Amino acid sequence: MTGGSLGLRAGSYGSLPNIKYVIAGGGRLLHSKSFGSVRKNPIIMLSGSREKERSLPSIWYRYLGRRKFSMLLLVAFAVLVFVLGSFVVNKESNSPNVDQRIGTMSMAHYINATRNEASRILGRRNRQKGGDGNRFQASVSKGANHPCANFTFPPPPPPHLRRIGPRPCPVCYLPVDQAIASMPSSPSESPVLHNLTYVHDENPIKTEPHGGSDFGGYPSLKQRNDSFDIKESMVVHCGFVKGSKPGHQTGFDFDESDLAELQQFHEIIVASAIFGNYDLIQQPRNISEEAKRNVPFYMFIDEETEAYMKNRSMLDSSKRVGLWRIILIHNVPYSDARRNGKVPKLLLHRIFPNIRYSIWIDGKLQLVVDPYQILERFLWRQNANFAISRHYRRFDVFVEAEANKAAGKYDNSSIDAQVDFYRTEGLTPYSEAKLPIISDVPEGCVLIKEHIPITNLFTCLWFNEVDRFTSRDQLSFGIVRDKIMAKVDWHINMFLDCERRNFVIQAYHRDLLEHMPPPVAVIRHSPALPNIITRERNQGKKIPRHGKDRRSGSRHHHKASAGN
């Protein structure tokens with residue numbers, strides 16, 4: 001602070017008798033008694049300081065102009081805000097060992113809707129137990145040393161920036177090499193059940209009025225009930241009841257060359273299916289070189305889909321389309337293409353008897369995260385052997401049944417018969433009595449599974465329900481899970497649906513894509529801005545402000561504004 005500035009303060013606020021120390025030019029500390037020796041005429045000080053204040057911005061105005069100088073200030077302010085914001089974000093989540101795929105950040109609709117629905121059920125019980133009330137924090141079971149141990153969802157955006165409908169949310173993935181290193185060296189232990197074999201019957205006979213098929217073997221109600229009595233060794237119906245091995249004269253048959261490949265050992269596979277020419281093949285993205293070498297991608301198709309692909313020159317003798325290895329199915333067991341799709345979805349362990357882990361995605365989905373990272377996040381990190389996302393909105397089977405009827409997903413009488421049957425078996429609407437289970441309804445388009453006896457039994461019995469009742473597997477998931485969990489200490493990792501949307505992208509079905517009109521190019525004409533053009537043209541010139549010229553300019557301005 002210079003002597004001039006001291007004079008300015010003195011001139012502005014009067015004398016300074018209460019100041020003990022002040023800083024004079026050169027940085028010397030002066031006592032208040034010597035202040036008069038350095039004080040100058042306040043009028044001279046005031047005028048001098050004003051001249052300095054005028055001189056600084058005038059240099060910028062002279063070289064940049066007032067408008068450019070204002071824009072420079074705005075840009076500097078924006079850069080400052082961006083740097084501060086980046087510092088805050090990095091302070092919270094920066095880690096060299098974490099791969100955070102943010103996806104779309106507008107997750108507030110899902111999180112808030114789920115909290116509103118579930119807080120009524122979870123909140124009171126959780127407070128009574130003294131647990132953490134934040135059920136939506138990313139759970140990590142590997143301890144505090146895991147790189148994602150402190151990962152949490154970001155706060156929701158402001159209300160005016162929220163988007164309607166389900167959206168992806170952030171997921172903390174390990175880098176691929178660390179995910180591979182975290183793969184368990186030995187299989188998980190299967191509780192109680194250690195030896196699981198399957199019914200073989202060359203002449204299955206339907207003995208009861210309920211549904212079923214030759215492919216599924218028509219299990220009786222007694223056989224169905226016995227299959228939920230978990231023992232160390234069990235024999236259950238699980239499709240493919242005919243033939244010497246799955247895919248050979250069983251219905252849902254494979255080519256001989258494919259049969260040999262399906263018997264090979266793999267640590268991990270990714271599988272999908274398209275039946276009835278219902279979807280277009282979606283190529284995976286962001287797949288590591290390790291996964292491309294070691295993780296096969298299998299796509300099951302029927303003859304109708306094969307004919308379409310050959311006519312479009314999408315399929316040749318190599319049986320490959322991008323990363324997908326195509327497996328052709330003959331003699332599909334059902335007339336309903338969606339029910340045929342449940343065979344590879346739920347019975348992969350029968351088709352691939354020598355694999356450890358599988359990731360199933362529906363044919364309409366595109367995988368956009370590496371398989372190793374998905375398995376580490378949803379199985380290995382959680383000490384789980386089966387993972388599926390919960391429905392983004394509904395968690396009650398009875399509500400889900402009504403929604404299926406309203407949407408025409410299946411005929412109403414069949415849905416009612418299935419739900420009524422489950423009601424007689426003791427199924428009740430979801431309530432807090434089921435905690436820690438937080439949903440009875442999955443979003444079943446993605447299954448992440450370790451192939452051990454208990455998970456194989458679960459998908460067998462789930463398939464038997466789909467074979468007996470409707471193909472809407474969301475309706476039968478909860479009853480099968482609950483019956484098994486009542487017998488053994490086993491659980492399913494039901495993760496958030498917004499997390500599922502982080503690693504798969506949903507596309508439209510083929511028929512919708514082909515009937516969509518092409519996008520219309522919209523040409524926007526920028527409106528003329530005559531007042532701005534006039535300013536630019538006359539910049540640096542003196543504009544008349546009186547007389548005839550002023551009136552003429554005023555009339556021109558009004559006409560241009562009206563035209564605009």
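**View 1. Strands S8 (residues 297–301) and S10 (residues 324–328) pair in the parallel sense over five bridges.** Strands are DSSP runs (E, at least two residues; helices are H or I, at least four), numbered from the N terminus, and two of them pair if DSSP finds at least two bridges between them. Met 299 has Ile 326 of S10 as its bridge partner. The model is predicted: local features need pLDDT of at least 70 and side-chain atom pairs count only at pLDDT 80 or more, while totals for chains, interfaces and linings use all residues. Residues are numbered from 1 along each chain as its sequence is written, and side-chain values use heavy atoms, with hydrogens and water left out.

**View 2. Eight strands form an open sheet with mixed pairing.** The strand order is S9-S10-S8-S7-S11-S14-S13-S15. Strands S9 (320–321) and S15 (493–495) are the edges, each pairing on one side only.

**View 3. Helix H11 (residues 337–346) packs on helix H16 (residues 453–468) at an angle of about 175°, with the axes 10 Å apart.** Axes are lines fitted to C-alpha atoms, for helices over the stretch in contact, and angles run from 0 to 180 degrees between N-to-C directions. H11 is therefore roughly antiparallel to H16 (angles over 145 degrees; under 35 counts as roughly parallel, 65 to 115 as roughly perpendicular and the rest as oblique). Arg 339, Lys 342, Val 343 and Leu 346 of H11 contact Thr 459, Trp 462, Phe 463, Val 466 and Asp 467 of H16 (heavy atoms within 4.5 Å).

**View 4. The axes of helices H15 (residues 412–424) and H17 (residues 473–485) come within 11 Å and cross at roughly 10°.** This makes H15 roughly parallel to H17. Ile 415, Gln 418 and Tyr 422 of H15 meet Leu 475, Ser 476 and Ile 479 of H17.
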